[in-house]
Amino acid sequence: MKVVQKVSMFLTLAACLLAAASSPALAQATKIAATQRDVAYNGAHAAQKLDVYLAQSDAPLPAMIFIHGGGWRGGSKNSVPGWLMNAVRDRWLSVVSVEYRFTDVEPHPAQVNDCLRAIQFVRHNATKWNLDPQRIGVTGGSAGGHLSLWVALHDDTAVADANDPVERQSSRVACAVSFAGPTDWSLLSKLEHKHPAYRQLLGYEPGTPTEEMDAKAKVDVSPISFASKDDPPVLQIHGDKDDIVPIEHARNMNERLKSVGVKTELVIIAGANHGVAGAGPQVAERATTFVREQLLRP
């Protein structure tokens, strides 16, 4: 498939930590009450809940699943980005915001397993929520960007003969949008990463030498490991001065996706640090346009 790469938008913004919640500039701008709040998609832990924001429509609508950031250890599903809320307001998209277990509860793969389950749960409830199960995408920033890319690129986890009807549903999505999401844990041995969350996600103490971390775990936690030709279109937005998630994460992912024939777009924000999600209306506009291109029927 044709690959589109855009290097644009020359903006400068202050750094924000990986463990911070979603950027205020993309925080909920349009005040819309959740149609349903704290819906349990799994009963094993109190964190396994989601909020549903349904747009009014006679026909089934596409949906974006939002996975918040926060270093896999903080943040909240309450901080839904404004560009998603505006889409709900404009009645062309519904949104589901997901909470998941943090690393102080359980390390990887608890977080990705929760997100995969949430996607299956949304698809299981598609008819009830007036959603098109074939038009479901995923998005998030920072840790949420990592989780979005991981579930988007991972193989389908559906079990056709499962007793649980949710487990029979596909976990695949139609597109993914990542804002400054980590993609490749092999880079920890090559570049400085100014945050302990990378190690905590795998159950290690901050400061643990990279060579002492389990090699298979570093591969499994990295979304880049799962890139294959059947993956959905991906948009990454990343600052080239990000010292929390170095730009090499996005560049390596973009190149890997190109190499296997996946439609990929990398928007680099020149001079921007980790707060790329708050880099002004251009970022929200590009994300909105991308989602419309992927999820709206011609």
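At 2% relative accessibility, does alanine 180 count as buried or exposed? Alanine 180 counts as buried at that value; buried means under 20% relative accessible area, exposed over 50%, and partly exposed in between, with a 1.4 Å probe and protein chains only.

The legends below describe a predicted model, in which local features need pLDDT of at least 70, side-chain atom pairs count only at pLDDT 80 or more, and totals for chains, interfaces and linings use all residues. Residues are numbered from 1 along each chain as its sequence is written, and side-chain values use heavy atoms, with hydrogens and water left out.

**Figure 1. Overview of the protein.** The protein holds 7 helices and 9 strands. Helices (H or I, at least four residues) and strands (E, at least two) are DSSP runs, numbered from the N terminus. Of the 298 residues, 56% are buried. Among contacts with a separation of 6 or more, 77% come from residues 24 or more positions apart. Contact means heavy atoms within 4.5 Å.

**Figure 2. Aspartate 114 in helix α2.** Helix α2 spans residues 110-124 and includes aspartate 114. Aspartate 114 is buried because its relative accessible area is 2%. Its side chain makes a polar contact of 2.8 Å with the side chain of glutamine 48. A polar contact is a pair of N or O atoms within 3.5 Å; within protein, one must be able to donate a hydrogen and the other to accept it, and residues adjacent in sequence count only if both atoms are side-chain atoms. Beyond four places in sequence, aspartate 114 is in contact with Tyr41, Gln48, Tyr100 and Arg101.

**Figure 3. Threonine 103 and the loop between β5 and α2.** Threonine 103 sits in the loop between β5 and α2. At a relative accessible area of 10%, threonine 103 is buried. The side chains of threonine 103 and arginine 73 are joined by a polar contact of 2.9 Å. Outside four places in sequence, threonine 103 is in contact with Trp72, Arg73, Gln111, Gln200 and Leu201. Proline 109 also has its place in the loop between β5 and α2. The peptide bond that joins histidine 108 and proline 109 is cis, with omega about 15 degrees.

**Figure 4. Isoleucine 67 in strand β4.** Strand β4 contains isoleucine 67. The relative accessible area of isoleucine 67 is 1%, so this residue is buried. Isoleucine 67 and tyrosine 100 are 33 residues apart along the chain, yet their C-alpha atoms are separated by 8.6 Å. Setting aside residues up to four places away in sequence, isoleucine 67 touches several residues, including Tyr100, Cys115, Val138, Leu147 and Ser148.

**Figure 5. The buried side of helix α6.** Helix α6 (residues 248-260) has 13 residues and reaches 18 Å from its first C-alpha to its last, close to the 18 Å expected at 1.5 Å a residue. The expected span is 1.5 Å times one less than the number of residues. His249, Ala250, Met253, Asn254 and Leu257 are buried in α6. They cover an arc of only 125 degrees around the axis, so they lie on the same side of α6. The arc is that of the directions from the helix axis to the C-beta atoms. The buried residues of α6 pack against α3 (143-153), β8 (234-239) and β9 (264-272). Glycine 261 follows α6, and its phi is positive, near 85 degrees.

**Figure 6. The nonpolar cores.** The largest nonpolar core has 52 residues, of which Leu50, Ile65, Trp72, Val122, Val138 and Trp185 touch the most other members. Elements that give two or more residues to this core include β3 (49-53), β4 (61-67), β5 (94-98) and α2. A nonpolar core is a set of buried Ala, Val, Leu, Ile, Met, Phe, Trp, Tyr and Cys residues joined through side-chain atoms within 4.5 Å. Valine 122 is in contact with Leu50, Ile65, Val96, Trp129, Leu131 and Ile136, leaving aside neighbours within four places in sequence.

Figure 7. Most residues other than glycine have a negative phi. Arginine 91 has a positive phi, near 70 degrees. Its loop lies between α1 (82-89) and β5. Arginine 91 is partly exposed, with a relative accessible area of 49%. Phi of alanine 180 is also positive, near 55 degrees. Alanine 180 is in the loop between β7 (175-179) and α4.
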